[in-house]
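Here is a short note for someone opening this structure for the first time. Please read the points in order.

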Amino acid sequence: MALLRPTPRFLWLMGVFILSAATVGAREVTRVGYVTDSLGSEFGIGIVAVVFALSLALSSVVAGRHMDVADPRPFLIGSLLTAGVLTATNAWFLARGPMPVGWLVISTALDAIIFGAATTALLKVQAAIVRSDARGAAETVNILRSGIGAAVGTVAAGLIGDQVTTLVISGAISVLLGVVTAAIVAPVTVPTSQKVQRRLVDLVQIVRTRPPLRRTVTVDLVLAAALPTQFIALVIVDLDAPELTTVAFTSSLMGLLLGRLALTITGVRGNLTRRLRITYLGFTTLALVAIPSLIGGWILNYPVLVAAIVFVGSALISFTQNLPAALLQQQVPDEFRGSLSGAMNAARNLLIGAAAAVLAALTYAHNAAVLTVAMVALLVTGYVVAGRFREVTASV
């Protein structure tokens with residue numbers, strides 16, 4: 001916060017985007033409801049998830065390349081305005097009955113495209129607002145605000161209860177935030193490159209020639225594949241324990257927020273290798289210890305123990321996975337910040353989706369205990385591939 005205090009405009013922007021994250025959280029809760037109403041099966045829900053992941057990956061790459069040679073502020077403002085219009089359109093469809101499957105797929109793809117462009121544009125704008133030595137600090141705050149906002153939106157959607165009302169309110173807030181954002185970022189000068197848009201092969205070559213950045217990128221991608229973001233949902237489904245859904249997901253949400261808050265407090269300075277090792281190996285040990293509790297499902301009789309394990313595990317995952325993401329924004333040069341950020345956002349989502357698909361197939365074929373054994377094996381492999389997080393530093 002000391003690094004960010006000289007640039008209050010950044011904090012104003014984060015205040016706006018906490019509310020934006022809340023609208024995203026509310027829309028996601030609502031999406032689960034209307035997707036289930038329209039498709040009515042796990043297979044259909046999976047198809048929608050794939051559409052979102054692929055659209056987000058494509059949008060992140062294309063938007064990132066473009067924003068290195070163009071002003072990202074119109075994209076940031078336009079994404080909020082467009083999201084508001086799209087959300088209102090979804091509300092219009094829902095007010096007339098179950099959402100048509102065709103529009104459901106189209107709107108999901110559009111939502112992902114808007115989200116991918118907004119995320120990349122925000123990284124460029126926030127880096128232009130703060131000092132060069134505060135860009136890692138800015139990203140830690142950005143990570144924290146997204147978690148807080150999503151939690152607020154999730155709770156708000158539950159309190160409202162009605163899908164149409166939730167979407168109407170979210171859409172109106174998004175449009176209003178677009179207007180406020182325009183006023184905040186209007187005086188900001190965002191550096192752009194006069195060079196041609198960078199190809200993926202050019203990015204790979206640039207990263208390879210910068211050892212600190214190369215190590216950060218490697219660790220970031222390994223963590224995206226190795227850390228199990230869908231583990232809780234898979235275990236609950238396999239053990240047929242819907243009664244634990246509320247306690248598990250509430251504990252997970254609180255753990256994620258704690259991990260992001262811890263990252264905000266510690267920042268991206270000091271012995272980063274040691275921090276990554278402690279949190280990553282701590283989660284691996286927790287998963288290993290949990291294996292016997294899943295055999296026979298005896299842990300179902302102890303909801304407090306479930307809550308404690310999920311809370312601690314989520315906090316460790318959150319800190320570990322977000323640290324290299326924040327460090328990346330400190331290390332990457334402005335001239336290809338958009339291209340690399342977009343490519344990394346796409347790669348993370350594809351790796352997370354692929355890992356979740358593999359673990360889901362494994363759970364379907366076997367059980368939660370086998371899933372956890374496989375997850376521990378994946379974590380150990382990831383630790384080796386990441387070089388035991390050696391020489392991960394804040395140096396550029």
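1. Leu19, Ile160, Ile169 and Ile173 make up a nonpolar surface patch, and their accessible area together is about 300 Å². A patch joins residues with over 30% relative accessible area and no salt bridge, like charges within 9 Å and nonpolar side chains (Val, Leu, Ile, Met, Phe, Trp, Tyr) within 5 Å. A salt bridge here is a side-chain nitrogen of Lys or Arg within 4 Å of a carboxyl oxygen of Asp or Glu. Accessible areas come from the Shrake-Rupley method with a 1.4 Å probe, and for residues only the protein chains shown count as cover.

2. The model is predicted: local features need pLDDT of at least 70, side-chain atom pairs count only at pLDDT 80 or more, and totals for chains, interfaces and linings use all residues. Residues are numbered from 1 along each chain as its sequence is written, and side-chain values use heavy atoms, leaving out hydrogens and water.

3. Isoleucine 173, one of the patch residues, sits in helix 6, residues 163–185. Its relative accessibility is 31%, so isoleucine 173 counts as partly exposed (buried is under 20% relative accessible area, exposed over 50%, partly exposed in between; 1.4 Å probe, protein chains only).

4. The chain has 14 helices and 0 strands (DSSP runs numbered from the N terminus: helices are H or I, at least four residues; strands are E, at least two). Of its 396 residues, 50% count as buried.

5. Phenylalanine 389, in the segment after helix 14, has a positive phi near 60 degrees. Phenylalanine 389 is buried, because its relative accessible area is 0%.
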